[in-house]
Amino acid sequence: MGDPKGFLKIRRKVSGYRPVEERINDYSEVEIRLSDDERRLQAARCMDCGVPFCHWACPVSNVMPEWQDRLYRGDWIGAWAALEDYNPFPEFTGRVCPALCEASCVLGANDEPVTIRQNELAVIEKAYDLGLVVPKPPKSRNGKRVAIVGAGPAGLAAAYYLNRAGFSVTLYEGDRQAGGYLRYGIPNFKLDKNFIDRRIRIMANEGVVFKTGCRVGTARYAFGTQGSGSRIVEPADLEASYDLILLAIGAREPRDMKVPGRELGGIVQALDFLSLQNRNLAGEAEDALEPITAFGKQVVVIGGGDTGADCVGTANRQGAKKVTQIEVLPKPPEHRPAEQPWPLWPAVLKTSSSHLEGGERLWSVNTKAFTGNGQVAAVRCVRAAWTETEGRRVLTEVPGSAFDLEADLVLLAMGFTHVVQDGAVAGFGLETDAQGNIRTQGSFHTSNPKVWAAGDSRNGASLVVRAIADGRAAAEAIIRSLT
Ligand SMILES: Cc1cc2nc3c(=O)[nH]c(=O)nc-3n(C[C@H](O)[C@H](O)[C@H](O)COP(=O)(O)OP(=O)(O)OC[C@H]3O[C@@H](n4cnc5c(N)ncnc54)[C@H](O)[C@@H]3O)c2cc1C
Ligand code: SF4
């Protein structure tokens, strides 16, 4: 254990962000870092609990007490070794994870959990600085060949473990570059894409073969909804060439809003807007079907979640005239409500770095229609009242509360559903469940004995850390099955 009284003497200190007036003019990462000494003090707050609830809550089963103790002692190398044992990509989770561990940290009972996510990021970046994160190719190959379809975090994690275990792994990615939503969803100001490239270079040098621009199945979802141009790979050819195929193709069907006026111009899916910005920054703008920009516009973001917040940050950076984010649910409480006691994940108000940069947030607002002449001009809204009946929340509209929000650009950020329309699913003849996710039996097997599935494609839209955990578990199951 770090300092037995550390948690009594030292207050939680988060690293914070670059000043708004500076960061709003660029797309570089907004979060800054504490000094090494301050970081070690933050690690000293960990109490090495007998039952570490942080570990219990973490999908990749990170051993926080062990590596935070080493961090506190200044043993950065030991801390990294313990971290790497359970998390193949701490540089991604250290940047974008909502930190389920911190919500469960025992010190979180008093709203001051250990800064686990930022401690993790400090450890992995120190390991890179010290030149410790280097390719570790397997000593020998076992002769088994696995194709992984989809190079998001689930596919990358499965490839990482299978390759290190001696399998010959080829990753087929339909998009221009690997990374999935890490690259073409999450904005650069939260995750700089150089960090994805850095990890992919290491994996390629370990022997993972990346075939980008290769879509397995049909062309429909080539380059998301932004364009096309990828090569089509026939599912039957993969079945003939590999011992096993793992689909990690994500949940890529955005929820839509079927209200009058939806057909008007200027109403677009959040992901189309966000991925285009990331593609612009990567010099891939030519993949876009149409340019979408918030410059000089009144922007309404529908959806109060993280993707909506990413839209707010991106619209402000693009020079929007006004940004309003609306959410149909009521405003969450600022502190943990009694019915969601520690160590459960609390549904509390989340204010991201993007919200601090400008814009207005409205809750309990239902969207009734879009109005305009060819192009959207306004979102017709009504106030929502929420009551609870038999444990279920019921929405009613407040009479006489209708109002219009002027809008030239509407971004739909209401989450993602399923993969059912992806050509790979049909190409391999797979069954899907009621939500449209790939149906898996037992663990990762699909209805086709040679094809397995992992990540959001079988679990539904979730988190980077859950996709990594699922990719790792799939790799472990494949290793048991094929050797
Ligand atoms: C805008 C946005 C912001 C987000 N922010 C966060 C965040 O801050 N923190 C967090 O934890 N989570 C966040 N998420 C969720 C997180 O990114 C996903 O849960 C995670 O990426 C899922 O990983 P995956 O590997 O299962 O799928 P994906 O990341 O979706 O990757 C699937 C890959 O498969 C490829 N593919 C699909 N079909 C085929 C095919 N037929 N042939 C070849 N390739 C194919 C796709 O091109 C893609 O690269 C965010 C998501 C979005 C959209
Ligand atoms: S719950 Fe918090 S204090 Fe306890 S071991 Fe985990 S990080 Fe440390």
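Reply: Happy to! The shell around ligand 2 (residues with a heavy atom within 4 Å of it) has eight nonpolar, one polar and one charged residues. Here Ala, Val, Leu, Ile, Met, Phe, Trp, Tyr, Cys and Pro count as nonpolar, Asp, Glu, Lys and Arg as charged, and the others, Gly among them, as polar. This is a predicted model, where local features need pLDDT of at least 70 and side-chain atom pairs count only at pLDDT 80 or more, while totals for chains, interfaces and linings use all residues. Residues are numbered from 1 along each chain as its sequence is written, chains are lettered from A and ligands numbered from 1 in the order written, and side-chain values use heavy atoms, without hydrogens and water.

Me: Which residues are around ligand 2?

Reply: The shell includes the charged and polar classes, but nonpolar residues number eight. The names are C46, M47, D48, C49, C54, P65, Q68, C105, V106 and I116.

Me: Is helix α9 buried or exposed?

Reply: Helices are DSSP runs (H or I, at least four residues), numbered from the N terminus. Buried means under 20% relative accessible area, exposed over 50%, partly exposed in between (1.4 Å probe, protein chains only). Since 13 of its 14 residues fall under that cut-off, α9 is largely enclosed by the rest of the structure: buried.

Me: Which residue follows α9?

Reply: Helix α9 covers residues 116-129. The residue after the helix has a positive phi, near 75°, and is G131.

Notes:
Helix = DSSP H or I, 4+ residues; strand = E, 2+ residues; numbered from the N terminus. Expected span 1.5 Å × (residues − 1).
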